[in-house]
Structures are given as C-alpha cells and as structure tokens.
Amino acid sequence: MIKFDEKTRTFFLHGKEVSYLFRVDEYGYLEHLYFGPKAEDDLSYLNAPSFLSFSPTPPGAGGDFSLDTVRQEYGTYGQGDFRIPAFLAVREDGERASRLLYTGHAFTEGGVPNMPHARGGQTLRIDLKDARSSLTVHLFYTVFDDSDVIVRSASVANRGTAHATLLRADAFSVDLFESDVRAVRLVGRHANERMPEETPLGHGSIAVRSSRGASSHQANPFLALLLGNADEERGECYGFGLIYSGSFVLEAERSQTDLIRVRGGIDDTNFSWELAPNEMFFTPQSMISYSKEGLGGLSRTLSRFLRAHVACMEAMRSRPVVCNNWEATYFDFTPPRLLALIDEAAELGIDTFVLDDGWFGSRNSDAEGLGDWFVNEKKLRGGLAPLIARCRERGMTFGIWFEPEMVSEKSELYRAHPDWTVGRSPRAESRNQYVLDFSRPEVVDYLFGAMENILRCGVGYVKWDMNRHLTEFTSEALPAARQGEFSHRYMLGVYALAERLKAAFPDVFFEGCSGGGGRFDAGMLYYFPQIWTSDNTDAFDRARIEWGTSFAYPLSAMSCHVSACPNHQTGRTTPFSSRGDIASLGATGYELDLGKLTEEEKEAVRGQIARYRSIEPLLLFGDAYRLLDPFRGNYFCMEVVSGDRSRAYVVGMTAHAAAADYPRRVRLRGLDPEKRYFVPSLQRSLTGAALQNAGLLLPRAAHDFETWTWLLEAEE
Ligand code: GLA
C-alpha cells in the first residue's frame with residue numbers, strides 16, 4: 001500500500017512487513033528517509049542538514065544543504081554530489097550536470113515495455129524534471145502486500161527540441177543510513193557459477209558487474225548487504241537484484257559521511273542512449289528487499305517473490321523429468337542410438353527426451369552449423385519424425401536444443417547474411433562461433449521462423465542455450481552515434497524472441513541455459529521456468545553451486561541432472577546415490593548413457609524419480625533453508641519446508657569421510673515447534689522444537705561424498 005502525506009510531502013510505501021519512505025524536500029529534491037520494518041511516523045528529522053567544507057550547495061538551496069551529504073532517491077552528477085550518480089546525461093552543448101526536481105506523482109500501471117517485469121502490486125510514478133535540461137525522469141516504485149520486495153525502475157524522456165545522450169540511467173539508487181556492512185556477491189566462472197563471496201565495505205565502492213552481454217557465470221545480478229553481525233540466520237540485511245539478463249552493475253559506495261549508496265542497472269562500461277526530441281528510454285526493473293532474519297530470510301523473501309510475481313506461470317507446473325543426450329553422446333549420435341536412449345528412458349520412468357546439440361545444419365562438432373536450424377538429414381535420416389514418434393509411442397515428450405543467438409562461420413546463415421553478425425571483422429572468436437545481431441528485428445524474425453518450423457513438428461520442450469559472450473558490441477544496422485545502445489538492444493531482441501515463441505507455443509516447456517548457468521537471472525525466469533544450473537554436474541561441486549544459487553533464486557529454478565562418473569568436468573567419482581540426492585534439490589533429470597547403468601543403478605533411477613515426484617510440491621512451493629555451509633567445512637546440508645510446515649525434505653553431504661569421526665549434529669529450521677514429525681532414520685517422531693533446538697545427528701559417512709536425505713512428515 002502506498003500513501004502520500006501532503007503535509008510532510010512524504011511517501012510511505014508499505015510492503016508485507018517493510019516500509020520504504022522518502023519525501024520531497026523544500027527545494028524539490030527527493031530525499032530517501034527509511035527502508036526497514038514497518039514505519040508510519042514522520043521520519044523527516046533523520047535528514048538533518050550537515051555542513052561539510054568541500055561539499056557544495058546547489059543553486060537555490062540554503063547554506064548547509066549539499067547534495068553530497070543528503071540521502072537521495074536518484075543521485076545526479078555535477079551539482080555537488082560527488083558520490084556515484086544514478087543518472088548521467090550529456091546535453092547537445094556538451095554539459096553533463098543535472099539536478100532532478102520533483103514536479104508531481106501519479107499511481108500508474110506497473111511493468112516496463114518489452115522487458116521482463118514483476119506482475120501485480122501497486123505502482124507509484126514520481127515525476128522529476130532536470131533543472132538544467134529538457135529531460136524528465138520518472139521513477140517507478142511497486143509494492144506488494146504479500147512481499148518485502150520493492151520493485152523500482154526509471155524512464156527518461158526528452159521533452160525539448162535539442163538532442164541529449166544518456167550515459168547512465170540506473171534502475172534504482174538509494175542512500176541507506178548504514179555504514180557497518182558486509183557485501184555478499186555471487187561470483188565465479190564457467191562450471192563454477194554463483195560462489196558466494198563476502199567482503200567488508202570500506203570507504204569507496206564495491207560492485208558486481210558483467211560487461212559480457214549476459215548476466216554471466218562470472219557475476220550475478222544480486223548483491224546483499226549484511227548489517228553488523230548479521231549472518232545466515234540472524235540479523236538485518238538488504239538485498240538488491242535486477243530483472244535483467246544483459247550486462248549489468250550493482251554497486252555499493254560508502255561515503256565520507258558513512259552513508260551507503262546502492263545503485264544498479266545496465267552496465268555503463270560501454271553504454272549510451274540517444275534521446276532525440278520526444279524519445280523515451282526505460283530501464284530494466286530492480287528488486288530491493290529487506291530481511292531481519294539474516295541472509296536465509298532474504299533468500300526466502302526473494303525466492304517467494306520471484307515465484308509469485310516474476311517467474312512465468314509454467315514455473316508452478318510439475319516439471320518434466322528429462323533424459324538429455326549431451327553427456328551420453330555429445331555430437332556422436334545416430335538414430336538407432338537415440339531411439340535406444342528413448343526406450344531406456346521410458347523403461348525407467350523418464351517422461352521427456354531432449355535431443356541436445358548436433359541435430360541441425362552441418363553440425364558434427366562445435367566448429368560449424370550454428371544458425372542452420374534445419375535437420376541434419378545426413379546424420380538423422382528421416383529427420384526428427386521417427387524420434388518424435390518413438391517418444392509418443394512411449395508416452396514421452398520430445399525436447400530439442402537451440403542456440404538461437406549464435407552463428408558459425410561455417411554455416412549457410414553466415415554465408416547468406418555476414419552482416420547479421422555482431423561487430424566487424426576481424427572479430428574475437430569464442431567456441432568457434434559469433435553472435436547474431438539481435439538488435440536487428442529482421443534477425444529476430446528469421447530466428448522465429450526457423451524455430452517455429454521445428455517446434456511445429458511436435459516438440460514439447462526447448463533448451464535455449466547461449467555459449468559465448470559478446471565482443472565488439474557494434475551493429476551494422478545502427479548509426480555511429482547509437483552504437484552504445486547495442487548491448488541493451490541486443491537484450492531486447494532476445495526478450496522479443498522469447499516472448500514471441502512463448503506466445504506462439506504456450507504448451508512448450510522452455511529451459512534456459514548458457515554454457516550451464518551463465519544467464520541465471522530473474523529476467524530469464526520470466527520466460528523460462530527453470531535454467532540449467534551449471535555444466536558442472538559433479539555432486540560435490542554441484543552442492544556448492546546449488547548452495548550459492550539459492551542465495552538469490554528458488555530451488556524450483558534450478559535444473560539438476562544426474563550424470564556419469566568419473567564426472568566429465570572434474571574427473572571425480574561420487575556415489576550414484578549422491579548424484580541423485582544432490583540433483584533432487586531442483587528439477588531432476590538425467591544426462592548419461594542409460595544403457596550403461598547397472599541393474600542396481602536402474603532401480604535407483606526409478607526410486608529417485610518416484611521420490612522426486614513426491615517432494616516436487618516442496619521444491620515448487622516450499623521455503624529453502626541452508627543448514628551446513630559447504631564453503632566453511634566438510635558438510636553440506638539444505639532443507640526445504642512446505643508452506644504449511646507439514647513436510648520437510650533435507651539433503652546433506654559429507655565431503656570427506658573422516659577417521660576417528662565423532663557425532664555431529666544439524667539443527668533443522670522452518671518447522672512448526674508444536675508439530676510432531678516422524679523421523680524415518682530414527683523410527684520415531686520428534687517435535688519441531690526438538691528438531692530445531694536439539695537437532696539430528698548426521699549419519700556417519702563410510703566413503704567420500706556420501707549424501708543422506710530425510711523426508712519428515714508431520715503427524716496428524
Ligand atoms: C552448453 C550447455 C550444455 C550443452 C552444450 C552443447 O555447454 O550448457 O548442456 O547443451 O552447450 O553444445
């Protein structure tokens with residue numbers, strides 16, 4: 001609920017348990033007042049002017065007032081605020097200074113055009129006018145009765161007759177009245193995505209940023225700030241995220257007066273946007289949240305919000321249990337081999353077969369064929385029809401892999417349209433492929449047509465991959481002055497294709513992917529209910545990746561497969577049961593040669609699928625708790641609890657079996673203290689209070705990488 005107090009000119013934005021307050025001050029600046037637990041009071045006294053030498057006063061303001069020290073809602077450049085601005089524009093005469101002043105507000109529709117966005121809530125639009133140019137800025141705030149996430153975005157319009165260029169337009173910026181914070185970021189690399197990293201925030205700034213044209217493996221659009229002693233379970237923290245999948249930045253800066261400015265949006269490393277008269281620019285949406293239950297509470301708030309307000313509707317649906325042929329065959333497959341795999345999958349109770357890379361064009365290795373989205377008849381004689389027919393006979397869905405954004409130099413598409421490639425020759429190469437210029441509508445149209453032809457053949461599932469990052473960042477179709485728009489326009493093209501395909505094929509299930517989890521973000525979850533979490537399926541590494549991913553995303557977003565050992569990425573051998581248990585913390589699937597499984601392993605697969613189906617409601621709708629941190633010790637343990645707290649599913653792993661080991665315990669979380677839960681491993685029931693306060697003993701591991709699972713059900 002949003003209220004405006006005319007007298008104090010304060011906006012009260014109330015979420016489920018949080019309030020976000022800002023006001024219009026006597027000069028017309030938007031001053032941030034408060035973000036935290038519910039607040040109804042006039043808190044304008046918090047922004048007492050503080051005179052500091054070397055902090056200038058803007059035109060028209062009184063002696064002690066400086067934009068350098070006042071807490072603001074959207075920092076500007078050049079009139080005395082030396083902190084990192086949220087907004088930077090160049091006028092036709094070259095001047096870059098601006099001052100944004102309030103002119104009015106209105107309640108409007110939420111959302112942003114042509115980009116993924118949150119649904120529902122109540123939206124406030126604040127109108128600001130630049131006192132030094134003809135630019136107007138709108139700030140949008142959406143609050144939700146059922147959530148402690150506040151969604152913010154901005155738009156900039158040129159209302160004058162002269163040209164202007166945006167160099168930065170953040171989705172949000174906020175000045176928190178905090179100083180003692182630690183920042184938590186999710187960083188990594190291919191096959192090692194979303195490794196949490198905690199850093200104290202001293203003076204100056206820290207950022208998490210991707211300039212790769214994708215949210216990336218290396219960074220993730222998520223930043224948490226932990227106050228004081230806050231930890232996983234206790235204390236106050238703030239979370240910041242973006243509903244965006246391209247190059248981004250989230251940055252926190254501690255100022256001379258120990259305030260923390262947090263800002264974020266499109267990465268401005270190579271960004272500019274021309275605003276001709278009457279043109280308008282929209283930023284992506286950001287999510288800002290607060291929790292007083294530590295990082296764990298913050299993750300649950302974000303997960304619930306993403307599921308309820310951002311993720312596409314299919315995210316609520318029961319997920320396919322997939323058999324993907326990639327690690328079973330790589331490029332080396334024949335129709336008989338695939339048919340055998342389909343039969344074996346059906347025997348085991350797998351419901352979807354996914355044909356991965358290598359079915360199209362002249363693709364027999366990663367050196368060729370991307371862009372030619374028609375069946376490689378030499379390799380797949382008879383086309384897809386026999387595979388689709390076999391799936392149907394077996395009661396299975398047929399799924400297929402695409403990498404729509406890419407082109408190989410050795411392809412018909414590249415020969416026909418060399419100018420459809422991003423950048424000019426010589427270009428940087430990566431995985432022997434180039435990126436298609438998705439800023440061009442004709443490229444998006446072409447891909448839609450090509451994919452549509454295949455999807456019409458009876459495809460029920462699509463894995464949408466993206467296997468290299470962008471370079472050169474230019475388009476043959478954009479004028480010189482607009483090349484800085486390329487990266488964002490590329491992203492808009494990707495969203496446009498996803499939007500069109502989803503509208504045309506509402507029954508097709510889409511999975512996102514980018515060399516594993518290289519584009520694991522809220523923007524993608526708007527279109528794809530789940531994302532291939534990582535190319536690394538090693539049970540030990542995967543446990544860590546799932547742990548880190550759960551900081552910002554629901555378990556239901558993670559696609560997790562059981563693969564062969566020695567693991568193809570790490571060479572490590574882990575028990576088959578461990579691979580199944582770790583995969584069971586997300587949408588479970590299989591990615592190995594099922595024909596090579598022993599009878600015992602086949603039986604295990606059947607059991608894993610049955611268990612997956614029984615715990616699926618927990619994964620889709622439950623709350624996740626991180627219990628034992630695999631980055632801090634020998635153990636991993638995560639729990640997911642149903643909304644009504646009647647069921648809990650726990651998965652744990654002992655990394656290394658220890659000599660002379662001794663009893664260790666884990667305390668469960670999220671249970672109803674009064675309820676009694678049956679604990680199968682003890683063959684008795686315990687109260688939620690006992691399970692949370694006293695805990696359970698970890699089973700002793702006889703071998704490295706052994707896992708355990710507990711499914712606890714409350715007694716009537
Ligand atoms: C990426 C994906 C894999 C597989 C290959 C195919 O690496 O993450 O799962 O689809 O591409 O080339």
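**Reading a helix pair**

A: Gladly! The axes of helix 9 (residues 539–549) and helix 10 (residues 576–583) come within 9 Å and cross at roughly 15°. Keep in mind that this is a predicted model.

Q: How are helix 9 and helix 10 oriented, parallel or antiparallel?

A: Angles under 35 degrees count as roughly parallel, so helix 9 runs roughly parallel to helix 10. Their crossing is left-handed.

Q: Which residues of helix 9 and helix 10 meet?

A: From helix 9, Ala-539, Arg-542, Ala-543 and Glu-546 take part, and they meet Ser-578, Arg-579 and Ile-582 of helix 10. Sorted by class, this contact has three nonpolar, one polar and three charged residues.

Q: Is helix 10 mostly covered or mostly open?

A: Buried means under 20% relative accessible area. Helix 10 is mostly covered, with seven of its eight residues buried. The buried residues include Ser-578, Arg-579 and Ile-582, the three that meet helix 9. Phe-576, Gly-580, Asp-581 and Ala-583 are buried too.

Q: What does Ala-689 touch?

A: Leaving out residues up to four places away in sequence, Ala-689 touches Asp-672, Pro-673 and Ala-694. Ala-689 and Lys-675 are 14 residues apart in sequence, and their C-alpha atoms are 8.1 Å apart in space.

Terms used
Residues are numbered from 1 along each chain as its sequence is written. This is a predicted model: local features need pLDDT of at least 70, side-chain atom pairs count only at pLDDT 80 or more; totals for chains, interfaces and linings use all residues. Side-chain values use heavy atoms; hydrogens and water are left out. Axes are lines fitted to C-alpha atoms, for helices over the stretch in contact, and angles run from 0 to 180 degrees between N-to-C directions. Helices (H or I, at least four residues) and strands (E, at least two) are DSSP runs, numbered from the N terminus. Angles under 35 degrees count as roughly parallel, over 145 as roughly antiparallel, 65 to 115 as roughly perpendicular and the rest as oblique. A crossing is left-handed if the near helix is turned anticlockwise from the far one by less than a right angle, and right-handed if clockwise. Contact means heavy atoms within 4.5 Å. Ala, Val, Leu, Ile, Met, Phe, Trp, Tyr, Cys and Pro count as nonpolar, Asp, Glu, Lys and Arg as charged, and the others, Gly among them, as polar. Buried means under 20% relative accessible area, exposed over 50%, partly exposed in between (1.4 Å probe, protein chains only).
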